[in-house]
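Subject: Structure handover

Hello,

Please find the structure below. My notes on what was found in it follow.

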Amino acid sequence: MRSVLLNKPQELIMREVEKPVPAKGEVLIKVKRMGICGSDIHAYYGKHPTIYLPVVQGHEFSGVVEALGEGVTGFEIGEAVTARPQYTCGECYHCRSGHENICHNLQVIGCNGQVPGAAQDYIPMRSHLVFKLPKNVNFDDGAMVEPVAVAVAAVRTFTFDVKDKNILVLGAGTIGNLVAQVAKAQGARAVMITDVCDEKLEIAKQCGIDFTVNTIKEDLEEKAVEAFGKDGIDGALECVGIDATINQAIKVCRKRDDIIIVGIYAKDPAIRMIDVQEKELKLIGTLMYLEQDYHESIRLISEGLINVKTLQTKHFSLDEFEEAYKYIENNRATSMKILIDVEK
């Protein structure tokens, strides 16, 4: 079968490797669609702080059941599925306490050299990580269950229910857009999203986000007061991963607010810790998702509560994987989710 290896930064190698056979407890999936994540882009340029090369990328994907390993029940050959890409030990403190997403021995497929991802024709997955797709969820949308689950988990990380709350999202890329949409779908009174790219803010408007702010052209504090009144913002989610946006969140948030850190920081930011202290702000990290978040993600997509189609920018074949990265590089303002058609 075909398998694409990211051998070193900006070097993708198409290889022929042996088709895997599902082991006991595994489902072999024939990959149909794969999404390119922001983390994949960082890794492609050798700038992701926790992804080490070489690696077969791809942790957002959909496909069909090809074969079942010994002892696997509940699946039929040909069923449409997606999968949660987390291999955990089940034994460490975090796994035993219900937080397997931060397993001490966590391995993420496509992000760890020992666990190949979906940039290949077939991928074996532990059966408990495989989720059936409803009939009304196609392969394109199925490949977006994973990023929607990132957003669901991020919104869940608040120390309060977002229902009837005013929420700020910094960064209108794919994850920021989905985070804003999830907050809306879960009952937020109003959601404001920021970016420096008018094209991405326009897409956010198309997805039903209440307020958009270009922070180069507009004053965020003024816009927040204008949108939310004197009581201001109830909580923020930082979805970029740079100094500017985390400091904007710290500056504009109300005292004692939660700020959820969603963006991946390629380098440590310089932030005003005195403001964090004096405002008694809570900076809370979020890493991936739990099983419940995957179920919620599938529900939101299936019921049309999340608009994922507007975010699907362009398709490339697996043979065009490198061209996909070049397209993203040359179209950063307008690229949201790039999909790889592993098989049409």
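By class, the second largest pocket is lined by five nonpolar, five polar and one charged residues. Here Ala, Val, Leu, Ile, Met, Phe, Trp, Tyr, Cys and Pro count as nonpolar, Asp, Glu, Lys and Arg as charged, and the others, Gly among them, as polar. The lining consists of His99, Asn101, Ile102, Ala153, Arg156, Thr157, Gly285, Thr286, Leu287, Met288 and Leu290. The pocket volume is about 160 Å³. On a 1 Å grid over the protein atoms alone, a pocket is an open set of points where a 1.4 Å probe fits, with protein on both sides within 12 Å along at least five of seven lines, and lining residues have an atom within 4 Å of a point. Points are joined across faces, edges and corners, and the volume is the space filled by probe spheres set on them.

This is a predicted model, in which local features need pLDDT of at least 70 and side-chain atom pairs count only at pLDDT 80 or more, while totals for chains, interfaces and linings use all residues. Residues are numbered from 1 along each chain as its sequence is written, and side-chain values use heavy atoms, with hydrogens and water left out.

Helix packing comes next. Helices (H or I, at least four residues) and strands (E, at least two) are DSSP runs numbered from the N terminus. Axes are lines fitted to C-alpha atoms, for helices over the stretch in contact, and angles run from 0 to 180 degrees between N-to-C directions.

Helix α4 (residues 145-156) and helix α10 (residues 291-302) pack at about 115°, their axes 8 Å apart. They are therefore roughly perpendicular to each other (65 to 115 degrees; under 35 is roughly parallel, over 145 roughly antiparallel and the rest oblique). Their crossing is right-handed, meaning that the near helix is turned clockwise from the far one by less than a right angle. The contact (heavy atoms within 4.5 Å) involves Val145, Glu146, Val148, Ala149, Val152, Ala153 and Arg156 of α4 and Gln292, Asp293, Tyr294, Glu296, Ser297, Ile298, Leu300 and Ile301 of α10. Its residues divide into nine nonpolar, two polar and four charged.

α4 also meets helix α5 (residues 174-185): the axes come within 8 Å and cross at roughly 55°. These two helices are therefore oblique, and the crossing is right-handed. On the α4 side the contact is made by Pro147, Val148, Val150, Ala151, Val152, Ala154 and Val155, and on the α5 side by Ile175, Leu178, Val179, Val182 and Ala183. That contact has twelve nonpolar, no polar and no charged residues.

The axes of helix α7 (residues 220-228) and helix α8 (residues 243-252) come within 10 Å and cross at roughly 50°; this pair is therefore oblique. The crossing is right-handed. Leu220, Glu221 and Ala224 of α7 touch Gln248, Lys251 and Val252 of α8.

Two backbone points remain. Most residues other than glycine have a negative phi, and most peptide bonds are trans. Leu53 and Pro54 are joined by a cis peptide bond, with omega about 5°, and Pro54 is in the loop between α1 (38-44) and β4 (60-68). Asp164, not a glycine, has a positive phi of about 65° and lies in the loop between α4 and β10 (166-170).

Regards
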